[in-house]
Amino acid sequence: MLIGEKKKGDYIACCKEEEALLRKVYFEKRRSAGIPEEVFVHFDIPLTLGHEIELLQEAGFLQVEVVDCIEGATILLAKK
């Protein structure tokens, strides 16, 4: 792997509706558990491929490509 290059594996939401549904589940779980907004909780919310690439580009990765997809997990290669 080159410097400034990262491989990232992640589950990808099939569509915007799935991403929105999972985000709703996240907020509902926080609410039902009484977790205040200022408390960090990791809850993996799969994003659509387009949204995932957009966020990687906003983080400074200039090139993002799909390397593989295995049973719903997509492997991306992102280069700075």
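**Exercise 1. Work out whether arginine 23 is buried, exposed or partly exposed, then find its salt-bridge partner.**

Start with accessibility: arginine 23 comes in at 31% relative accessibility, so it counts as partly exposed (buried is under 20% relative accessible area, exposed over 50%, partly exposed in between, with a 1.4 Å probe and protein chains only). Bear in mind that this is a predicted model, where local features need pLDDT of at least 70, side-chain atom pairs count only at pLDDT 80 or more, and totals for chains, interfaces and linings use all residues. Residues are numbered from 1 along each chain as its sequence is written, and side-chain values use heavy atoms, leaving out hydrogens and water.

Next, the partner: glutamate 19 forms a salt bridge with arginine 23, with the closest N and O atoms 3.3 Å apart (the cut-off is a side-chain nitrogen of Lys or Arg within 4 Å of a carboxyl oxygen of Asp or Glu). Glutamate 19 is buried, at 9%. Both sit in helix H1 (residues 16-33), four residues apart, which means about one helical turn between them (helices are DSSP runs of H or I, at least four residues, numbered from the N terminus).

**Exercise 2. Which side chain does glutamate 28 meet in a salt bridge?**

Glutamate 28 pairs with arginine 31 at 2.5 Å, N to O. On accessibility, glutamate 28 is partly exposed at 38%, while arginine 31 is exposed at 56%.

Notes
Helices (H or I, at least four residues) and strands (E, at least two) are DSSP runs, numbered from the N terminus.
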